[in-house]
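Q: I have a model open and want to learn to read it feature by feature. Where do we begin?

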Amino acid sequence: MTVHFVGAGPGAADLLTVRATRLLASADLVLYPGTYLDPEVLAHCGPRATLVDTQDLDLDQITALLVDGFRTGRVIVRLTSGDPSLYSALHEQTKRLDAAGVTWSVTPGVPAYAAAAARVGSELTVPLVAQSVVLTRTRARSTAMGAGESLTDFAATGATLVLHLAITRTRTLMGQLEPVVGGDCPVVVVYRASQPEELVLRGTVDTIAEAVETAGLRQAAVVLVGRALAEPAERAGGESHLYSPGRDRFVKRLLD
């Protein structure tokens with residue numbers, strides 16, 4: 001038996017991987033993050049599966065369920081929102097499972113920021129505008145950020161910023177970013193990307209906080225900041241050398 005950590009994607013039931021749906025169909029026990037998940041995702045579970053919403057459980061309680069399920073021979077899926085590589089507590093959970101002698105595996109999922117970018121039709125890495133993406137969060141009532149992980153330092157690189165767990169601090173964060181990226185820098189907020197309640201807010205560093213506060217957003221939103229997010233009519237940038245007609249290609253040499 002193995003505990004399967006499975007990325008549930010941004011929430012939409014049809015944005016899971018084929019592997020994820022197969023694991024859910026075969027699972028006896030499924031632990032899922034009810035705060036962020038569209039309930040339709042659970043329709044992939046088999047009729048015999050026991051479903052446990054973990055939003056009110058602490059890490060030790062979750063671990064106890066995983067270890068007990070493993071020792072009783074159950075097929076277990078631990079769903080995470082988005083992709084397990086980002087803010088999923090994978091490190092803490094697998095460390096505990098290792099100590100208990102429990103084997104585990106990881107199945108990736110569609111990250112929420114990718115669904116948000118897709119929703120607004122934006123590439124986050126535009127030639128001559130931004131070629132890097134910074135995935136980060138902010139600190140309020142959460143674990144301290146690492147030394148050197150300053151939001152303003154990240155912004156100074158010119159990279160597109162993806163802010164998780166930041167929606168309740170939008171006004172404060174935009175105030176920090178304004179001197180670095182400018183008040184006219186585009187910002188996109190996507191609430192519950194890909195889910196039925198999805199909401200998209202477009203604005204700038206100067207205007208987005210008011211829009212977020214008016215909408216009353218408090219959770220489950222991704223904040224994207226950067227020049228690559230400009231509206232289509234305002235998009236600048238160059239073209240990729242990879243697809244340039246002037247690039248030397250083997251096929252081109254054959255045709256010549």
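This is a predicted model: local features need pLDDT of at least 70, side-chain atom pairs count only at pLDDT 80 or more; totals for chains, interfaces and linings use all residues.

Q: What is the strand order of the open sheet, and is the pairing parallel or antiparallel?

A: The order is 3-2-4-1-5, and the pairing is parallel. The open sheet has 5 strands.

Q: Which strands stand at the edges?

A: Strand 3 (50–53) and strand 5 (104–107) do. Each has a single partner strand, so one side of each lacks a neighbour in the sheet. From one strand to the next, the twist averages 20°.

Q: How many bridges join strand 1 and strand 5?

A: There are 4 bridges between strand 1 (residues 3–7) and strand 5, in the parallel sense.

Q: Now the helices. Which strands does helix 1 lie across?

A: Helix 1 (residues 18–26) lies across strand 1, strand 2 (29–32), strand 4 (76–80) and strand 5. Its angle to strand 1 is about 135°.

Q: At what angle does helix 3 run to strand 1?

A: Helix 3 (residues 90–99) runs at about 170° to strand 1. The angle is taken between N-to-C directions, on a scale from 0 to 180 degrees. Helix 3 lies across strand 1, strand 4 and strand 5.

Q: How should I think about salt bridges, and how many does a search of the whole structure find?

A: The general idea: side chains of opposite charge can pair when their charged atoms come close. A search of the whole structure finds 6 salt bridges. One of them joins Arg 119 and Glu 198, with the closest N and O atoms 2.7 Å apart. This pair links distant parts of the chain, 79 residues apart. Arg 119 is in helix 4 (residues 112–119), and Glu 198 is in the loop between strand 8 (186–191) and strand 9 (199–204).

Q: Which residue forms a salt bridge with Arg 171?

A: Glu 213 does, with the closest N and O atoms 2.8 Å apart. Here two helices are linked: Arg 171 belongs to helix 6 (residues 170–181) and Glu 213 to helix 7 (residues 208–215). Arg 171 is partly exposed at 47% relative accessibility. Glu 213 is partly exposed at 48%.

Q: Where are the two residues of the Asp 184 and Arg 227 pair?

A: Both are in loops. Asp 184 is in the loop between helix 6 and strand 8, and Arg 227 is in the loop between strand 10 (221–225) and helix 8 (250–255). The closest N and O atoms of this salt bridge are 2.9 Å apart. At 51% relative accessibility, Asp 184 counts as exposed, because the cut-off for exposed is over 50%. Arg 227, at 40%, is partly exposed.

Q: What is the phi of Ser 194?

A: Ser 194 has a positive phi of about 80°, and it is not a glycine. Ser 194 is in the loop between strand 8 and strand 9. Its relative accessible area is 26%, so Ser 194 is partly exposed.

How values were computed
Residues are numbered from 1 along each chain as its sequence is written. Side-chain values use heavy atoms; hydrogens and water are left out. Two strands pair if DSSP finds at least two bridges between them. Contact means heavy atoms within 4.5 Å. A salt bridge is a side-chain nitrogen of Lys or Arg within 4 Å of a carboxyl oxygen of Asp or Glu. Buried means under 20% relative accessible area, exposed over 50%, partly exposed in between (1.4 Å probe, protein chains only).
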